Amino acid sequence: MTAILEIKDLVTNFYTYEGVVKALNKISLDIEKGVTFGLVGESGCGKSVAVRSIMRIIQAPGVVESGQVIFHSNGDSTDLLKLSEESMRDLRGNQISMIFQEPNSALNPILSIGEQVSESFLFHQKKDMCAKVLANLNSSGCKTFVPWKHYLRFIYQMAAKNDRAFILKLLSRIPFFKWDRRAKKEALNRSIDIMEKLHVPDAENVARNSYPHNLSGGLKQRIVIAIALACNPELLISDEATSNLDVTIQAQILELFKELKKEIISSIILITHDLGIVAETCERVGVMYAGNLCEVADVEMIFNNPKHPYTKVLLDSVPKISQEGKLLSIEGNVPNLVTPPPGCRFHPRCRDAMDICSRELPATIEIEKGHLVACHLYLNK
Amino acid sequence: MEKLLELKKLKKYYPILGGVLRRQINSVKALDGIDLTINRGECLGLVGESGCGKTTTGKAIIKLHDPTEGNILYYKDGNGDKKGVDIAYMKRRALKKKGIRSKLQMVFQDPTTSMNPRMLVKNVIAEPLKELGNMGSKMLQDRVLELLGLVGLTRDHLLRYPHEFSGGQRQRIAVARAIATNPEFIVMDEPTSALDVSVQAQILNLLVELQEKYNLTYLFVTHHLLVVKYISQRIAVMYLGKIVEVSETKEFFNKPIHPYTHALLSGIPIPEIGMKRKRMILTGDVPSPISPPDGCRFHNRCPFVEERCRIEEPLPEDIGNHHLVACHRKYEVEKLFGDTYGNSH
């Protein structure tokens with residue numbers, strides 16, 4: 001299978017007053033085309049930091065120090081970390097898009113739903129939309145005051161070629177010369193389409209008249225998904241998209257993901273701490289602990305035959321439907337990443353810790369086809 | 001089985017004020033007549049979606065809120081056959097005087113916000129003991145240390161502030177505070193939902209241990225069904241301020257009756273591979289508790305809705321083995337579910 005995203009030795013640090021937080025410690029990961037990849041781990045283990053580093057939206061004290069993130073799309077491969085901010089902006093939301101954890105804080109409370117969804121169309125597909133409006137203007141059905149029609153035709157011709165020309169921006173701000181109403185209308189229509197595709201009830205009314213506070217949590221999350229899916233991204237990153245929702249709503253959203261995967265998007269990175277979601281929706285799983293990737297494997301292998309001690313205890317500590325007797329728990333806490341334990345970062349809590357674990361960081365090896373583990377237990381064999 | 005608490009037709013309406021004179025114009029019907037019995041020494045799980053009144057039930061029982069209508073009968077230690085005391089409208093002072101206040105405790109959802117950030121841990125834990133007012137400072141100190149030991153913390157943690165602890169440790173402190181007064185009954189309001197899976201297992205094990213040690217009774221409020229399965233003996237399902245089903249844990253998972261229970265069960269993502277099953281996915285959201293639908297409250301989301309459900313409200317009925325269900329079609333649901341979604345729970 002061909003990879004859509006290759007991450008090589010990614011290092012991200014946060015420079016805080018207490019010291020340097022080593023949030024990502026040389027992570028390497030391949031995400032194949034057409035795969036739902038689950039990234040699991042406890043909170044603070046660097047799941048979100050990893051995907052934010054990919055999208056280059058790490059905030060102020062955080063710095064992506066080194067590594068490569070290679071994105072393969074239509075035969076080209078680009079290193080996302082070397083792209084300019086401008087071309088990165090073209091990529092975000094267009095080819096790679098992200099769904100954030102809390103729909104409440106991801107949506108702007110003072111813009112209507114329609115405006116927020118159409119924003120991504122206006123940003124990424126303006127040329128296309130302007131061409132469509134132009135075709136509409138040229139068709140005989142359009143009846144407008146003639147000089148105005150000539151003006152619009154001229155402007156939209158220009159916009160269809162280069163939608164970010166300075167003169168266009170200027171004219172759209174001058175009264176009587178504002179030309180982009182038709183483009184906005186087109187964007188709104190497209191947003192209503194995508195919202196209908198996501199089964200938002202009464203999509204037209206919601207898009208035109210509702211604000212985030214009018215909607216329930218599940219519906220808000222659908223809108224956030226609609227924004228992310230607006231431009232048919234090749235890679236969708238979902239950062240705990242369902243963790244604040246109720247079970248019945250969560251089931252709706254997960255079903256939606258499965259449906260979408262058949263039709264629109266090719267790959268999904270699903271960040272979650274709920275192993276149940278991983279078992280049900282993902283094909284490959286990566287387990288993270290304290291900034292390291294411990295184990296990457298197919299979902300059946302992770303659940304039926306986990307290799308890394310951390311994966312084992314993590315699976316044991318989740319209550320299951322066939323649970324009998326006591327739950328096993330991991331003693332101790334997640335280490336402080338300012339002063340992470342030397343060697344393997346899991347060794348102070350590990351049941352099978354050896355001498356070497358506290359000295360050397362284990363290399364990642366492939367013990368079976370497609371099953372990567374970073375643990376000293378398997379290194380010598 | 002000996003009863004500890006009995007809720008009878010308990011109602012809690014929160015007023016909505018409006019207009020120029022701030023009169024009451026409507027009310028949020030958070031609890032709309034619930035009947036529930038809690039037995040001594042058991043852990044009763046209370047599940048449901050957010051906004052269905054789970055937490056309100058817990059808060060009403062330990063009297064953080066005064067209920068609007070209905071009774072809460074409390075059967076005090078050792079006189080189970082006697083008539084219970086109705087604590088629903090008792091004044092706070094009377095509660096304290098009769099020694100009931102200290103017997104009913106609560107652990108809150110978010111350990112970060114349920115503790116005063118300006119109090120040392122020793123004061124946090126000692127506060128309920130001081131309120132009882134029958135301990136000298138030496139005794140108090142010893143008791144606090146004992147409590148810390150019980151929840152797996154040490155003397156070193158005594159002189160620290162809550163922010164210096166991790167989430168799991170903070171929840172341990174909250175548990176220590178709740179068991180400080182030797183309560184009989186503790187409301188656990190989603191004690192693990194703010195915690196990680198590995199820490200969640202630690203806290204759950206601690207709770208089970210304490211329950212066995214002190215014969216505690218829990219009301220375990222949560223929306224996580226697998227957690228409830230692990231810890232409780234009986235489970236009650238709430239929907240929009242009503243209890244729709246109460247059954248033993250085993251029966252709850254093997255033989256659910258109410259369509260809403262079916263939906264909840266098929267909604268949980270199971271952390272095991274090969275558990276392929278047909279899912280019943282509800283459409284829409286929970287209706288607003290300000291104007292709940294007529295008839296059965298679940299009727300506008302229920303796939304097996306009948307004409308009768310829209311008009312008449314079903315009452316909870318025992319269908320044997322202490323299994324209470326409030327549904328008009330309770331004897332048909334199993335067959336209907338099997339026909340529509342396949343028999344695969």
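Modeller: Let's start with a term: two residues are in contact if their C-beta atoms, placed from the backbone, lie within 7 Å. This model is predicted, so local features need pLDDT of at least 70 and side-chain atom pairs pLDDT 80 or more, while totals for chains, interfaces and linings use all residues. Residues are numbered from 1 along each chain as its sequence is written, with chains lettered from A and ligands numbered from 1 in written order.

Biologist: How many residues of domain 1 of chain A are in contact with domain 2 of chain A?

Modeller: Domain bounds come from an automatic or database domain assignment. Here domain 1 of chain A covers 1–109 + 234–328, and domain 2 covers 113–189. Contact joins 4 residues of domain 1 of chain A to 4 residues of domain 2 of chain A, and the C-alpha centres of these domains lie 37 Å apart.

Biologist: And at what angle do helix 3 and helix 4 of chain B pack?

Modeller: Two packed helices are described by the angle between their axes and the distance between the axes. Axes are lines fitted to C-alpha atoms, for helices over the stretch in contact, and angles run from 0 to 180 degrees between N-to-C directions. Helices are DSSP runs (H or I, at least four residues), numbered from the N terminus. In chain B, helix 3 (residues 121–132) and helix 4 (residues 137–150) pack at about 115°, their axes 10 Å apart. On the helix 3 side, the contact is made by B:Lys122, B:Ile125, B:Ala126 and B:Leu129; helix 4 of chain B brings B:Leu140, B:Arg143, B:Val144 and B:Leu147.

Biologist: How many residues does the contact between the chains take from each?

Modeller: Chain B gives 29 residues and chain A gives 36. Helix 6 of chain B gives the most to chain B's side, with 6 residues.

Terms used. Helices (H or I, at least four residues) and strands (E, at least two) are DSSP runs, numbered from the N terminus.
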